[in-house]
Amino acid sequence: MYADVLAKYKKKNKILFSRESLCLQPLIERMQIQNHRTLVLWALDCATQTLEHFEGKYPEDQRPRRCIEMCSEWARGKVKMPIAKRAILESHAVSKSIDDPAYSALCHAVGHGGATVHVQTHALGLPFYELTAIVLENGIDDFAEPVNKKIEYYHERLLYWQNRTEIDKVTLEWAVFLLVDK
């Protein structure tokens with residue numbers, strides 16, 4: 001199930017998961033049937049946990065936190081795209097300022113989680129990068145169990161938000177562009 005991850009690890013790729021990763025196929029299929037709002041709620045929720053992991057080691061760097069905050073505001077129509085985009089790019093920029101591949105990947109995961117507000121396909125970047133971080137933190141021989149747990153967590157949260165989206169469409173404030181179902 002993880003042959004692609006092992007191959008990418010041996011090649012020293014920076015991202016170890018992709019659309020072709022067998023372990024992600026059920027999640028990707030479930031994500032493809034969601035509306036944009038559901039994926040935004042899911043991505044911001046999951047990215048918040050990723051952020052907490054990052055801040056456990058780098059509490060002084062607030063750029064990833066600002067990304068989540070500004071993208072949440074953008075999803076509610078409280079700020080415009082250029083402000084959120086700048087925060088997303090700043091989250092990605094953190095990865096260049098730290099010499100820590102696992103935590104660099106977490107910054108990218110947060111950035112993609114926030115960017116899901118803009119385009120649904122960014123939602124996949126969150127697991128690609130966060131799962132890469134898990135492999136890097138646990139090592140190539142001990143990553144399977146924590147990766148499986150994280151993928152299970154993604155499924156649980158996606159089901160949760162899938163069941164809440166119609167309620168939240170009415171009760172949450174949304175930017176107009178997110179109210180249009182495509």
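Colleague: Is Asp100 buried or exposed?

Modeller: This is a predicted model, in which local features need pLDDT of at least 70 and side-chain atom pairs count only at pLDDT 80 or more, while totals for chains, interfaces and linings use all residues. Residues are numbered from 1 along each chain as its sequence is written, and side-chain values use heavy atoms, with hydrogens and water left out. Buried means under 20% relative accessible area, exposed over 50% and partly exposed in between (1.4 Å probe, protein chains only). Asp100 has a relative accessible area of 11%, so the residue is buried.

Colleague: Which residues is Asp100 in contact with, leaving aside neighbours within four places in sequence?

Modeller: Asp100 sits in the loop between helix 5 and helix 6; helices are DSSP runs of H or I, at least four residues long, and strands are runs of E, at least two, numbered from the N terminus. Contact means heavy atoms within 4.5 Å. With those neighbours set aside, the partners of Asp100 are Lys57 and Tyr58.

Colleague: What is the radius of gyration of the protein, and why does it agree with a compact globule?

Modeller: The radius is taken over C-alpha atoms, and the globule rule is 2.2 Å times the number of residues to the power 0.38. For 182 residues the rule gives a value near 16 Å, so there is agreement with the protein's own radius of 16 Å.

Colleague: Where is Ala7, and what is its distance from Cys71, C-alpha to C-alpha?

Modeller: Ala7 lies in helix 1 (residues 3–10). Its relative accessibility is 35%, so Ala7 counts as partly exposed. Ala7 and Cys71 are 64 residues apart in sequence, and their C-alpha atoms are separated in space by 34 Å.

Colleague: What percentage of the residues is buried?

Modeller: The chain of the protein has 182 residues. The buried ones make up 51%.
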